[in-house]
Amino acid sequence: HTRYISVTGVQTCALPISQHHDLREATVSHFQRRYQLDLGQSERVAALAERISAQLGPMAEDDSQMLRWAAALHETGISISYAGYHKHSCYILSQADMPGFSQGEQLRLARLVLAHRGKLGKAELEDLPSDSPDWALIFALRMAALLCRRRSDLELPPMDWGMEDSGFRIGLPARWLDDHPLTEAALEKEAGEWSAVGLRLDIA
């Protein structure tokens, strides 16, 4: 049977959904079309975020799925305004009808998207436990968005990503950093953001 999905008051016809198909995947695809997201950029960010998270340690499938969905939808709010678009994205994802997602999953997705750029000292993150797996997801998503900010395919050098109790670490060639001073400055600024929430970001 054909299933209808209502998002922010707009009702559209989706493709038939099989019994074993995850409705959340269909919802994410629908949002990408509804908000005319740049699929190439979403895929670049998702691929790099997954590479980073794989080096941080074992991750539950639910967490991996959430990271992919957050990468797929992190630019949802750009259609409203580029300035502070992560805040608009968070609002849309927390308030819209998202078939297949529980309320908790929807709020978690919105929080990850909100945290993917800007200041980490947000009220929405204050109650996030220090041992929550979401910190690793936020780190992977922030790093991927930072490194993909030119919105083109990248040739990145070998990078070593790690996670410790005190925070995170990045290892990358010094010569590459010398050739990319804007990225080096962005990473140094990023280290300050993590320090503001009591976590380290060591760049070696």
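Here is a quick walk through this protein, from its overall layout down to a few single residues.

**The overall layout**

What you're looking at is a predicted model. The protein has 8 helices and 5 strands. Start at the N terminus and the elements come in the order β-β-α-α-α-α-α-α-β-β-α-α-β. The protein counts 204 residues, and 47% of them are buried. Take the contacts between residues at least 6 apart in sequence: 62% of these join residues at least 24 apart.

**The nonpolar core**

In soluble globular proteins, nonpolar side chains tend to be buried together. Here, the largest nonpolar core has 56 residues. Which of them touch the most other members? They are Leu73, Leu109, Ile138, Phe139, Trp161 and Trp194. Helix H6, running over residues 134-147, gives the most to this core, with 11 residues.

Skip its neighbours within four places in sequence, and Leu73 is in contact with Val28, Phe31, Gln32, Leu37, Ser89, Leu93, Met98, Leu109 and Val113. Leu73 also turns up in both of the helix pairs described next, H1 with H3 and H3 with H5.

**Two helix pairs**

Two packed helices are described by the angle between their axes and the distance between the axes. Helix H3 covers residues 61-73, and helix H1 covers residues 23-34. The axes of H1 and H3 come within 10 Å and cross at roughly 15 degrees. That angle is under 35 degrees, so H1 is roughly parallel to H3. On the H1 side, the contact is made by Arg24, Glu25, Val28, Phe31 and Gln32, and on the H3 side by Gln65, Trp69, Ala72 and Leu73. The crossing of this pair, H1 and H3, is left-handed.

Now turn to H3 and helix H5, which spans residues 103-114. Their axes lie 9 Å apart, at an angle of about 55 degrees. H3 and H5 are therefore oblique to each other, and their crossing is right-handed. Asp62, Asp63, Met66, Trp69, Ala70 and Leu73 of H3 meet Glu105, Arg108, Leu109, Leu112 and Val113 of H5.

**A few residues worth a look**

Here is how some single residues score for relative accessible area.

| Residue | Relative accessible area | Class |
|---|---|---|
| Cys148 | 2% | buried |
| Glu190 | 7% | buried |
| Cys90 | 14% | buried |
| Arg151 | 35% | partly exposed |
| Gln36 | 71% | exposed |

Why does Glu190 count as buried? Its relative accessibility is 7%, and buried means under 20%, so Glu190 falls in that class. Glu190 sits in helix H8, residues 181-196. Beyond its neighbours within four places in sequence, Glu190 is in contact with Arg142, Met143, Leu146 and Leu201.

Cys90 is buried, and so is Cys148. How many disulfides are there? The count comes to 0.

Last, the backbone. Most residues other than glycine have a negative phi. Gln36 is not a glycine, yet its phi is positive, at about 50 degrees. Gln36 lies in the loop between H1 and helix H2, the latter running over 39-56. Arg151 is not a glycine either and has a positive phi of about 60 degrees. You'll find Arg151 in the loop between H6 and strand E3, with E3 at 160-164.

How values were computed
Residues are numbered from 1 along each chain as its sequence is written. This is a predicted model: local features need pLDDT of at least 70, side-chain atom pairs count only at pLDDT 80 or more; totals for chains, interfaces and linings use all residues. Side-chain values use heavy atoms; hydrogens and water are left out. A nonpolar core is a set of buried Ala, Val, Leu, Ile, Met, Phe, Trp, Tyr and Cys residues joined through side-chain atoms within 4.5 Å. Buried means under 20% relative accessible area, exposed over 50%, partly exposed in between (1.4 Å probe, protein chains only). Helices (H or I, at least four residues) and strands (E, at least two) are DSSP runs, numbered from the N terminus. Contact means heavy atoms within 4.5 Å. A disulfide is a pair of cysteine sulfur atoms within 2.5 Å. Axes are lines fitted to C-alpha atoms, for helices over the stretch in contact, and angles run from 0 to 180 degrees between N-to-C directions. Angles under 35 degrees count as roughly parallel, over 145 as roughly antiparallel, 65 to 115 as roughly perpendicular and the rest as oblique. A crossing is left-handed if the near helix is turned anticlockwise from the far one by less than a right angle, and right-handed if clockwise.
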